[in-house]
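Here is a walk through one protein model, written for someone meeting it for the first time. Keep the picture open while you read.

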Amino acid sequence: MPLTIALVQMRSEKGAIAQNLDATAAYLRKVAAAGAAIVAFPEASLSGYVDPTRYPHAVLRLDGPEVAAFVALTHGSLVTAIAGLLEVRPDGELPYITQIVARDGELLGAYRKRRIPPDEAHLYAPGPDSAANTPIFSAAGVPFGLAVCADIDCPAVFADAARFGARLVFECAAPGLYGEQETRDWHAGYSWWRGECHTKLAHYAREYGLYVAVATAAGHTCDEDFPGGGHVFTPDGSCLTETADWQEGILVVTLPIEA
């Protein structure tokens, strides 16, 4: 049968982990009611997209209580949930930017963002370019992989996912917008990110025979804004559906993809 997915355009306040978990729980209830098999939250949805030197408490352990709280939210549900955080590394090394996958109270695995932009290289570490960091998950019999934000400029992430059997890749993103928050042009921000997705992700979808689905952080945080946007591209490179604007919310879509 076709696969129904949900893409959450979420505002995640920086360092406000309890608040972000509460919002995640509310979204999970809604997507379960909508019949989604997979829900994707944006990059750093649990921790917020923080500077780790300013918010050290928001750099989390995969075996820590915050991740356990997220995983517990999936208990008793068949919805596979993808969420984001900054991940602690040993001995004070720069943290990873990580997406985790959970279902029915179990942590299924993690992917570490492989491309860190040069202007953030002093804050975060890139994930390994390796098979071990190309996990392929499955929901409702459909294999899927993950990409995170600036991975949009790393074709190998999508090529590797396809090579290891993915038919669908979720791009979970939190691209910060430039300019003054007080005079933010939300339409321009949304249009910029939409253009990036339509140009690059549509190409990867066509090149590697993938569905590519995008979930983007949205809204105004304490010191940075995010453009929102849910988009779904098909293996011929066309856009199946997308959100109309930058607002928070959920895009639910049924993909014509069989297990």
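## The six-stranded sheet

Let's start with an open sheet of six strands, which line up as β7-β8-β9-β10-β13-β14 with mixed pairing. Two strands count as paired if DSSP finds at least two bridges between them. Helices (H or I, at least four residues) and strands (E, at least two) are DSSP runs, numbered from the N terminus. At the edges sit β7 (137-139) and β14 (239-242), each of which pairs on one side only. On average, neighbouring strands here are turned by 25 degrees against each other, ignoring direction. For angles like this, axes are lines fitted to C-alpha atoms, for helices over the stretch in contact, and the angles run from 0 to 180 degrees between N-to-C directions.

Inside the sheet, β9 (residues 168-173) and β10 (residues 211-216) run parallel and are joined by six bridges. One place to look is V169, whose bridge partner in β10 is V212. Helix α4 (residues 186-208) packs on this sheet and touches β9, β10, β13 (231-233) and β14. The direction of α4 makes about 20 degrees with that of β13.

## A word on the model

What you see is a predicted model, in which local features need pLDDT of at least 70 and side-chain atom pairs count only at pLDDT 80 or more, while totals for chains, interfaces and linings use all residues. Residues are numbered from 1 along each chain as its sequence is written, and side-chain values use heavy atoms, with hydrogens and water left out.

Now over to β5 (residues 96-103). Seven of its eight residues are buried, so β5 is largely enclosed by the rest of the structure. Buried means under 20% relative accessible area, exposed means over 50%, and partly exposed is in between (1.4 Å probe, protein chains only).

Seven bridges tie β5 to β4 (residues 80-87), and the two run antiparallel. Here L86 stands opposite I97 of β5. β5 also runs antiparallel to β6 (residues 106-112), this time with six bridges. Along that pairing, I100 has A110 in β6 as its bridge partner, and T98 stands opposite R112. β5 and β6 make a hairpin with two residues between them, and D104 in the turn has a positive phi of about 50 degrees.

## A closer look at E87

E87 belongs to strand β4. Is it buried or exposed? With 8% relative accessibility, E87 counts as buried. Leaving out residues up to four places away in sequence, E87 touches V59, L60, L62, P95, Y96, T98 and R112. Contact here means heavy atoms within 4.5 Å. A139, on the other hand, is 52 residues from E87 in sequence and 24 Å away in space, C-alpha to C-alpha.

## Helices α1 and α2

The axes of α1 (residues 17-33) and α2 (residues 65-73) come within 10 Å and cross at roughly 15 degrees. That makes α1 roughly parallel to α2. Angles under 35 degrees count as roughly parallel, over 145 as roughly antiparallel, 65 to 115 as roughly perpendicular, and the rest as oblique. Where they meet, I17, L21, T24, A25 and L28 of α1 face E66, A69, F70 and L73 of α2.

Which residues of α2 are buried? They are V67, F70 and V71. These residues cover an arc of only 100 degrees around the axis, which puts them on the same side of α2. The arc is that of the directions from the helix axis to the C-beta atoms. The buried residues of α2 pack against α1, β4, β5 and β6.

## Helix α3 and the glycine after it

In α3 (residues 155-163), the buried residues are V157, F158, D160 and A161. They cover an arc of only 160 degrees around the axis, so they lie on the same side of α3. What do the buried residues of α3 pack against? Their partners are β6, β8 (142-148), β9, α4 and β10.

Just after α3 comes G165, with a positive phi of about 110 degrees. G165 is found in the loop between α3 and β9, and is partly exposed, with a relative accessible area of 35%. Between the C-alpha atoms of G165 and P95 there are 28 Å, and the two residues are 70 residues apart along the chain.
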